[in-house]
Amino acid sequence: GRPMWIKTYSQFYQDVLPDTVWQLWTDVNNWPTWHDDLEYCTLHGDFSVGNFFILKPKGAPPVKVTLTDIHEKHHFTDCTHFFGAKMLDTHTMEIKNGGVQLSNKLLVTGPLKWLWICLVARNVANTVPNEMDALVAMAKQPASSKEQR
């Protein structure tokens with residue numbers, strides 16, 4: 001079989017500030033505000049490579065997710081280790097045509113990948129489009145409705 005499973009999704013959005021998108025992405029503790037399926041998300045330390053967060057999906061046990069690659073205001077990748085497999089999730093933002101192109105790439109690899117694709121990865125992939133829209137909707141809110149100005 002194929003060595004890994006990859007699922008990508010990309011969408012272009014107008015009138016959204018890249019800085020705001022990046023701010024929401026790196027504010028891991030507040031991910032549940034735009035991820036419907038999360039109970040909580042807790043980042044240990046700051047948003048930097050090697051640090052991890054505990055992510056608790058609704059109706060599922062919490063998982064430890066490690067930040068493996070960060071390119072400021074462009075992309076970041078996080079990695080979830082399962083028994084016999086790992087899932088990499090890359091979030092990318094490209095500035096073009098007066099807007100931003102947001103992309104999400106999920107990659108699952110390892111001997112038991114089939115199991116975790118069925119249990120986790122497919123479901124995660126299915127929620128990506130809605131979450132991306134929710135993230136952008138939040139990024140478009142006026143600054144006065146956010147804590148920072």
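**Cores, a pocket and a buried serine**

Trp-25 touches Trp-31, Trp-34, Phe-47, His-74, Phe-76, His-91, Thr-92, Met-93, Leu-102 and Leu-135, leaving aside residues up to four places away in sequence. Contact here means heavy atoms within 4.5 Å. The model is predicted: local features need pLDDT of at least 70, side-chain atom pairs count only at pLDDT 80 or more, and totals for chains, interfaces and linings use all residues. Residues are numbered from 1 along each chain as its sequence is written, and side-chain values use heavy atoms, with hydrogens and water left out.

Trp-25 also belongs to the largest nonpolar core. Such a core is a set of buried Ala, Val, Leu, Ile, Met, Phe, Trp, Tyr and Cys residues joined through side-chain atoms within 4.5 Å. Buried means under 20% relative accessible area, exposed over 50%, and partly exposed in between (1.4 Å probe, protein chains only). This core has 27 residues; Val-21, Trp-25, Trp-31, Phe-53 and Leu-102 touch the most other members. At least two residues each come from α1 (18-26), β2 (38-44), β3, β4, β7 and α2. Helices (H or I, at least four residues) and strands (E, at least two) are DSSP runs, numbered from the N terminus. The top contributor is α2, with 6 residues.

A second, separate core holds 10 residues, including Trp-5, Phe-82, Ile-117 and Ala-121. Phe-82 lies in strand β5. Phe-82 counts as buried because its relative accessibility is 14%. Beyond four places in sequence, Phe-82 touches Val-63, Met-87, Trp-116 and Val-120. Its C-alpha atom is 25 Å from that of Met-132, 50 residues apart along the chain.

Met-132 is touched by Ser-103, as are Tyr-9, Ser-10, Thr-90, His-91, Thr-92 and Glu-94, not counting residues up to four places away in sequence. Ser-103 sits in strand β7. At 18% relative accessibility, Ser-103 is buried too. Its side chain makes a polar contact with the side chain of Ser-10 at 3.0 Å. A polar contact is a pair of N or O atoms within 3.5 Å; within protein, one must be able to donate a hydrogen and the other to accept it, and residues adjacent in sequence count only if both atoms are side-chain atoms.

Now the largest pocket. Its lining has 33 residues, with Asp-37, Leu-55, Met-87, Val-120 and Val-124 nearest the centre. On a 1 Å grid over the protein atoms alone, a pocket is an open set of points where a 1.4 Å probe fits, with protein on both sides within 12 Å along at least five of seven lines; lining residues have an atom within 4 Å of a point. Helix α2 gives the most to this lining, with 10 residues.
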